[in-house]
Number of protein chains: 2
Amino acid sequence: MTTPAPNGNPSASALPSWSDGAAKQSIVDFVNKVATAGSPEFVPAADRIAVFDNDGTLWAEQPFPFQGLFAFDRVRALLPEHPEWKEKPAFKAVLENDMKALAATGMAGLVEVAMATHAGMTTEEFEGFVKDWIVTARHPKFQRLFTELVYQPMLEVLDFLRANGFKTFIVSGGGVEFLRTFSETIYGIPPDQIVGSSIVTKYEIRDGRPVLVRQPVLNFYDDNEDKPVGINVFIGRRAIAAFGNSDGDFAMLEWVTGGTGARFALIVHHDDAAREFAYDRKAGLAKLDRGLDEGPKRGWTLVSVKNDWKRVFPFDAG
Amino acid sequence: MTTPAPNGNPSASALPSWSDGAAKQSIVDFVNKVATAGSPEFVPAADRIAVFDNDGTLWAEQPFPFQGLFAFDRVRALLPEHPEWKEKPAFKAVLENDMKALAATGMAGLVEVAMATHAGMTTEEFEGFVKDWIVTARHPKFQRLFTELVYQPMLEVLDFLRANGFKTFIVSGGGVEFLRTFSETIYGIPPDQIVGSSIVTKYEIRDGRPVLVRQPVLNFYDDNEDKPVGINVFIGRRAIAAFGNSDGDFAMLEWVTGGTGARFALIVHHDDAAREFAYDRKAGLAKLDRGLDEGPKRGWTLVSVKNDWKRVFPFDAG
């Protein structure tokens, strides 16, 4: 168990993949402040809730959010049953691996592909598809399993917070049932501590067995202003620390830091094309623009992957 | 910490308010089976999830679900601002305390009263109303705070399960934000382990502060076939034990016991008019009909309040 140093200095052992500097110091200072008995800003353990975006915050999200890549692989696998897809623009773009053409189909095209690959089966069948994919599919740039593309420094933050009495939650625009198949293994976050997007499911008895069947209808899209909504309805407590990387996380960070008492917000800025990817103001759904401008003024920690992280992925040399 | 007796006999200390008998024995046997290392039906701690209905299962629900009584008190408090309510059948029935007239307005009338009293304020304001009410309002029959009307034997089950590695959740048709204001205090169940009904909330900045404003639109009604849906989307694991009392819990018990491995379901049958209330097949929303007929055939434990519980409420003589 990691314990904060009593004098507020970062413990070298707590965040070994973080370079010494303002970002690392801000994390350690916050934890010392809220978790040290007798501190004027002490927060009881029950209220030590931390929320993390997933794509781009806990694991990578380029060249396309990984759940999208899962969907594209499902399109290829299901193609024999759906020859008509070859004539549909969104599916055609996926089959030709033409991300620009896919983007041109807009949100409607993405939703069409998402529903075709995420609905129409039981929750158990869907879980099976994800579990098969996650242990075989490889990232196009790194040729690694997607579960290897987690950010080592963020894993250390998760551990550091939990060692100091925090309960850690994911609050992701990604699908909650997708995330749950591997979140406990790679992040130590159990299924009930994940807030995410979902589609409607319907209770049915099939062959005498109760099942939930996934419907091609959106239930909740956990992004932007709906991240605070998701935190409220799923977690029921305003977290005191929030971690994100894109403007889709802005409202979440604003909501969390808008509460009373000690609060903490952190934005990961992907500025390291050599070790990972560099993207920000023009990154489409992963855009970081308002956060870059306003985050620091609001007292939020801005992390430079290039400067603040000694290692990016667990497989990087330490 | 309570530990199961190694030979499967109920430990007298674990469930002191339960009479010796088949119901008590079934609980102890199940816990021994899944929580004892080396047992052929051992279940890892991470999968030891138990779900509890609230109204009629953890606390009383007569003469009307307590959240309804909260709403009625809110109607009376808000009446000066809404003179028009005197002419509206549902509100008129509430003001005259005429539950028959209210029932005659149907679900539409109940929803109208619910929305008028549960929407139109921030989540923090709503929490304040509930917190004020819960420490002052009294039950019409018992003249006790509603938080005193929890079932002592069920509190012991919650403790017994948790002492044996279970994570306990509430899965209620009641409002999740209502329940969360007191669930940790009275049940030891934190806000993020409550699945319940909810209305839509909307993120807004008011006077520079981010708030969530409760809208008069239903988001999720966590009852009947939607209880399994709620378990899936909020908890993400099929619980292995389920506790309920009305047919609104039937699908939840069916879903939980429909999984593989050791499973447990229990129905509280309210048959004790002297110490509490007696109601079942004709109890409207709290009806227990199908459960009485099919539960025992399915191997579910049927609890007679009269015979199986030595004490009903904590304030009863032991």
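Trainee: What should be kept in mind about numbering and confidence?

Mentor: Residues are numbered from 1 along each chain as its sequence is written, and chains are lettered from A and ligands numbered from 1 in the order in which they are written. As this is a predicted model, local features need pLDDT of at least 70 and side-chain atom pairs count only at pLDDT 80 or more, while totals for chains, interfaces and linings use all residues, and side-chain values use heavy atoms, with hydrogens and water left out.

Trainee: How many residues of helix 2 of chain A are buried?

Mentor: Helices (H or I, at least four residues) and strands (E, at least two) are DSSP runs, numbered from the N terminus, and buried means under 20% relative accessible area, exposed over 50% and partly exposed in between, with a 1.4 Å probe and protein chains only. Helix 2 of chain A reaches 18 Å from its first C-alpha to its last, close to the 18 Å expected at 1.5 Å a residue, where the expected span is 1.5 Å times one less than the number of residues. The buried residues include Phe66(A), Gly68(A), Phe72(A) and Leu78(A), and helix 2 of chain A is mostly covered, the buried count being 10 of its 13 residues.

Trainee: Which elements do the buried residues of helix 2 of chain A pack against?

Mentor: Contact here means heavy atoms within 4.5 Å. By that criterion, the buried residues of helix 2 of chain A pack against helix 3 (89–95), helix 4 (99–104), helix 5, helix 6 (123–134), strand 2 (167–175) and helix 8 (176–180) of chain A.

Trainee: How are helix 2 of chain A and helix 5 of chain A oriented to each other?

Mentor: Axes are lines fitted to C-alpha atoms, for helices over the stretch in contact, and angles run from 0 to 180 degrees between N-to-C directions; angles under 35 degrees count as roughly parallel, over 145 as roughly antiparallel, 65 to 115 as roughly perpendicular and the rest as oblique. The axes of helix 2 and helix 5 (residues 106–118) of chain A come within 9 Å and cross at roughly 65°. Helix 2 of chain A and helix 5 of chain A are therefore roughly perpendicular.

Trainee: How do the residues of the contact of helix 2 of chain A with helix 5 of chain A divide by class?

Mentor: From helix 2 of chain A, residues including Gln67(A), Phe70(A) and Arg74(A) meet Val113(A), Ala116(A), Thr117(A) and His118(A) of helix 5 of chain A. Ala, Val, Leu, Ile, Met, Phe, Trp, Tyr, Cys and Pro count as nonpolar, Asp, Glu, Lys and Arg as charged, and the others, Gly among them, as polar. The contact of helix 2 with helix 5 of chain A accordingly holds 7 nonpolar, 3 polar and 1 charged.

Trainee: At what angle do helix 2 of chain B and helix 6 of chain B cross?

Mentor: Helix 2 of chain B and helix 6 of chain B are roughly perpendicular to each other. Phe66(B), Leu69(B), Phe70(B), Asp73(B) and Arg74(B) of helix 2 make the contact with Phe126(B), Phe129(B), Val130(B) and Trp133(B) of helix 6. The axes come within 11 Å, and the crossing angle is roughly 105°.

Trainee: Is Leu69(A) buried or exposed?

Mentor: Leu69(A) is found in helix 2 of chain A and, leaving aside residues up to four places away in sequence, touches Phe64(A), Trp133(A), Pro140(A) and Phe146(A). Because its relative accessibility is 14%, Leu69(A) counts as buried.

Trainee: What is the omega of the peptide bond from Gln62(A) to Pro63(A)?

Mentor: Pro63(A) lies in the loop between strand 1 and helix 2 of chain A. The peptide bond from Gln62(A) to Pro63(A) is cis, with omega near 5°.

Trainee: What phi does Asn97(B) take?

Mentor: Asn97(B) sits in the loop between helix 3 and helix 4 (99–104) of chain B and is exposed, with a relative accessible area of 55%. Its phi is positive in a residue other than glycine, near 55°.

Trainee: Where is Asn224(A) placed?

Mentor: Asn224(A) has a positive phi of about 50° although it is not a glycine, and at 34% relative accessibility Asn224(A) counts as partly exposed. Its place is the loop between strand 4 (209–220) and helix 10 (226–235) of chain A.
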